[in-house]
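Here's a quick briefing to keep beside the structure while you look around. Grab a viewer and follow along.

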Amino acid sequence: MSFFSRLKERLLKSSSKIDEGVDALMESGDEGPVDAIAETPGTAASTETARSAESAEPQPGLASRMLGAVTGRSPAVEKQRVLDDEMLEELEELLISTDLGVDTATRIAANIAEGRFGRRVGGSEIKRVLADEVARVLEPVAKPLPLYAKKPQVVLVVGVNGSGKTTTIGKIASQLKGAGKSVMIAAGDTFRAAAVEQLSVWGERAGVPVFKLPQGSDPASLAFDALAKAQEDGADVLLIDTAGRLQNRQDLMEELAKIVRVIRKRDETAPHNTLLVLDATTGQNAISQVEVFRKIADVTGLVMTKLDGTARGGVLVALADKVGLPIHAIGVGEGIEDLQPFDPAEFAKALTGSTD
Amino acid sequence: MFEALSDRLSGVFDKLTKQGALTEADVQAALREVRTALLEADVALPVARDFIGRVKSQAVGAAVLKSVTPGQMVIKIVHDELKTTLAGEGDADEGPKLKIDSPPAPVMMVGLQGSGKTTTTAKLAKRLKERDGKKILMASLDTNRPAAMEQLQILGAQVGVDTLPIVPGQTPVQIAKRAKQQASLGGYDVYMLDTAGRLHVNEELMAEVEAVRDEAKPHETLLVVDSLTGQDAVNVAKEFNERVGVSGVVLTRMDGDGRGGAALSMRAVTGKPIKFVGVGEKIDQLEEFHAERVAGRILGMGDIVTLVEKAAETMEREAAERQAKRMMKGRFDMNDLRQQLEQMMKLGGMSGVMGMLPGMGKLTKQLEGANMDDKVLKRQVAIIQSMTKDERRKPELLQASRKKRIAAGSGVEVPEVNKLIKMHRQMQDMMKKMGKMGKKGLMRGGLAQMLGGKGGLGPSGPMPGQAPGQMPGQAPVAPPGGFPGLPGAAPGLPPNLPGGLSGLGKKK
Ligand SMILES: Nc1nc2c(ncn2[C@@H]2O[C@H](COP(=O)(O)OP(=O)(O)OP(=O)(O)O)[C@@H](O)[C@H]2O)c(=O)[nH]1
Ligand SMILES: Nc1nc2c(ncn2[C@@H]2O[C@H](COP(=O)(O)OP(=O)(O)OP(=O)(O)O)[C@@H](O)[C@H]2O)c(=O)[nH]1
Ligand SMILES: [Mg+2]
Ligand SMILES: [Mg+2]
């Protein structure tokens, strides 16, 4: 299956929850069904009709993708509701249910209410405005992993346990290789059982060499040696895997700081990128992960994995808002091709269940 | 990072009526803040809503105890409900039970990718082997993730538990079959099936795990969930429970600094007990789940408030006051020690008390490592009970022959009596030091003030990073006897407890 259709499938699949939410929210208003055309002159009836095509099951094919809207209700009877305090709170809750966090959810809901408060609004309008608002917050941080002329460009990959670091390295290596770069991977997780074996398989899949030392070796000296080897071999990019570590483990964070220090002994401009891999299922702790890893290891960008599930990764919105680190890519599966550029508009639509 | 619930509530509490029963308005105001706190702790929205609803119906009209503020009353009701909802089997004396009596008993581990299944499989195998003397076989059914089978194999070798030989190319169902055969033939008590990580919405993989379940008919199916999980916890819990059938939950990464709201979501949605928690990457870092601690963690303040709350219930103020005065004078005999020990037991054991004090998590673990549990406390009390009146008042009387008698009377060995005496001496020394410090007025706003507090409601000790008196709603209940350096009133506990307790554990 192509990346695109997989992504679409994902978006369609995951767009149902909050969408139901917005519709349910409209239901809970005391306004009865009203004639949308009469009541909201701004709504173009034709696009609404097109959009209403029910698409419960993901379907490939351009047409259904175009029609992949999920309002599931004829616009002629679209519910409307006065945007009051109660509805505002319900909107906040919908956002909270995507892991946006209470703070950011409140702010975004308030932005939406501006100019609409006390006015009747329809479900599709709310969805669209929500998506726009979220996209607006995300736009400035959507940046692909920058590639430099510097050889080798050293990319250090960090994060808490099990977030998807090793898998993401495999995926990035494969993409870079595909783009004609000569890539090397360093198996810097010298702690976890079979971490080296796991990465070796990824190296084979991506067709790039993996630099390894026995389990239990010092990860900092491994990184140093790997960089020396990459320099020697004239590699374009060196991707360094690290063991998973929780950000509140001071000893392990110090180990990470040491890895960075030692790499700089070999090349003081390195690491050129430090990627923090976040798991989309993680809740508000992701914020603390970003703050601490950034402090310790100068994180330059984020990758969010496991967005192929039902987790919406709303915490990225909070992060964009509060921290503003670039978001480079998203992981949408366990396969080598399941790494997508981060597209704020698509992400926002999936998050809010919006469709246009 | 999170605004402590206590801070949020302090404003609300000010407005609460001061007496009688809780009104709906009181409760509504306080519960709004509680709801926000739950959401910030990653409790899933529908679960938080439902929970708040339940608490509300309990709280409205509830009588406010004399010694607490309405706000504290609400907190207590919230905390109790949280604890009841979370209650797992770790709180029972025997710890969590696994249905693994008829050998070979299959245990299946399921969950999302990277949640910690493989690590937990090995941890649990080690526990069952070492604690329960079971013969365990582990099998990896993960045909998906690179080197997943090798990972389990390596862990097996590390903990001395057998793993099913790896046969490339087999399906998970075939491996499960082979594991069952091998387990029967090899005389294993339990065989553990570590499955591949899967998303609950991945039809193919969910069907696969159903097929494995139908083949193996596991006696236990444990859902392994990352405690850092956010709102998605409800979906995960619901789907895995409905499709695969879950008998219990394991929460991993509880060593992180997440608030652990996923625990409540899991418990509420599956209705199944949380059996264990993972507290590190190392294979011995598996613990039983304790509702009390997690409730406090989710509330983000539980710590202090529960301590205060429980203390209010369990302590006789006057007695404590008297005791505190004596202690300030450096008098601390076996009767005093016994009171201390009994209080600790009421407060949920040493780890219970310590676990409630922010920043004490590590110490708690040490104490647990030293077997500072209720059983030890009970034995210590028994030892004191076997002393004569005179001996209790003048511990210096305790010579060899008396010790022997006491040991026999309380059913312990003499070294244990010695440990108790040593501990008493250390504590007494500390009391003396404390008394002196108090006189020099070194503890302004701390202990001295608290002890001197008239009318029963002394000011609380300063919260970390907060000036005393900033929390009007929290004005304790403070029974005297808090100690400096630790926030809030820690009733009746001696100062510098950690150092002073070296004689108490089994080790040393
Ligand atoms: N569904 C899905 N699974 C993923 C994704 N990325 C990684 N995974 C899976 O998540 C699990 C953990 O991935 P790893 O790459 O081993 O994670 P890690 O961060 O290297 O883990 P540690 O080294 O143990 O800290 C594996 O089962 C991966 O297949 C993704 O985008 N979607
Ligand atoms: N800090 C901490 N790390 C843990 C804990 N349990 C597991 N881990 C780590 O989490 C990562 C993933 O653990 P695994 O046991 O491989 O997870 P899994 O669920 O088997 O992963 P998949 O098979 O890929 O789905 C590893 O780095 C483990 O060391 C825990 O309780 N605390
Ligand atoms: Mg890894
Ligand atoms: Mg595994």
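This is a predicted model: local features need pLDDT of at least 70, side-chain atom pairs count only at pLDDT 80 or more; totals for chains, interfaces and linings use all residues.

Two chains, A and B, touch each other, with 33 residues of chain A in contact with 34 residues of chain B. Ligand 1 sits between chains A and B, and ligand 2 also lies between chains A and B.

**Where chain A meets chain B**

- On the chain A side, α6 (85-96), α10 (195-206) and α13 (285-297) each put in at least two residues.
- Of the elements on that side, α10(A) gives the most, with four residues.
- Sort the chain A side by class and you get nine nonpolar, 16 polar and eight charged residues.

**Around ligand 1**

- The shell of ligand 1 has 27 residues, and the closest are G164(A), T167(A), G244(A), G331(A) and G114(B).
- Helix α9 of chain A (residues 165-178) supplies the largest share of that shell, three residues.
- By class, the shell around ligand 1 splits into five nonpolar, 14 polar and eight charged residues.

**Around ligand 2**

- Ligand 2 has 25 residues around it, and N161(A), T118(B), T119(B), G197(B) and G278(B) come nearest.
- Here the largest share, three residues, comes from helix α5 of chain B (residues 117-132).
- The shell around ligand 2 is made up of four nonpolar, 14 polar and seven charged residues.

- Chain A has an open sheet of eight strands with mixed pairing, in the order β5-β4-β6-β3-β7-β8-β9-β10.
- Strands β5 (210-211) and β10 (339-341) of chain A are at the edges with a single partner strand each, so one side of each has no neighbour in the sheet.
- Elsewhere in the sheet, β4(A) (residues 183-186) and β6(A) (residues 237-240) pair in the parallel sense over four bridges, and V183(A) has V237(A) as its bridge partner in β6(A).

- Is β8(A) (residues 301-305) mostly covered or uncovered? Mostly covered: five of its five residues are buried.
- Both faces are covered, with G301(A), V303(A) and T305(A) buried on one side and L302(A) and M304(A) buried on the other.
- β7(A) (residues 273-279) runs parallel to β8(A) and is joined to β8(A) by five bridges, with D279(A) opposite T305(A).
- To get from β7(A) to β8(A), the chain goes through α13(A) in a right-handed β-α-β crossover.
- β9(A) (residues 327-331) is also parallel to β8(A), joined by three bridges, and A329(A) in β9(A) is the bridge partner of V303(A).
- β8(A), helix α14(A) (residues 315-322) and β9(A) form a right-handed β-α-β unit.

- Why is β6(B) (residues 248-252) largely enclosed by the rest of the structure? Because five of its five residues are buried.
- G248(B), V250(B) and T252(B) point one way from β6(B), V249(B) and L251(B) point the other way, and all are buried.
- β5(B) (residues 220-226) pairs with β6(B) in the parallel sense over five bridges, and V225(B) stands opposite L251(B).
- A right-handed β-α-β unit is made by β5(B), helix α9(B) (residues 233-243) and β6(B).
- β6(B) also pairs with β7(B) (residues 274-278), in the parallel sense over three bridges, and here L251(B) stands opposite V277(B).
- The chain crosses from β6(B) to β7(B) through helix α10(B) (residues 261-270), and that β-α-β crossover is right-handed.

Definitions and conventions:
Residues are numbered from 1 along each chain as its sequence is written. Chains are lettered from A and ligands numbered from 1 in the order in which they are written. Two residues are in contact if their C-beta atoms, placed from the backbone, lie within 7 Å. Ala, Val, Leu, Ile, Met, Phe, Trp, Tyr, Cys and Pro count as nonpolar, Asp, Glu, Lys and Arg as charged, and the others, Gly among them, as polar. A residue is near a molecule or strand if its C-beta atom, placed from the backbone, lies within 6 Å of it. A residue is buried if 20 or more other C-beta atoms lie within 10 Å of its own, exposed if 12 or fewer, and partly exposed in between; C-beta atoms are placed from the backbone. Two strands pair if DSSP finds at least two bridges between them. A crossover is right-handed if, with the strands pointing away from the viewer, the path from the first strand over the helix to the second runs clockwise.
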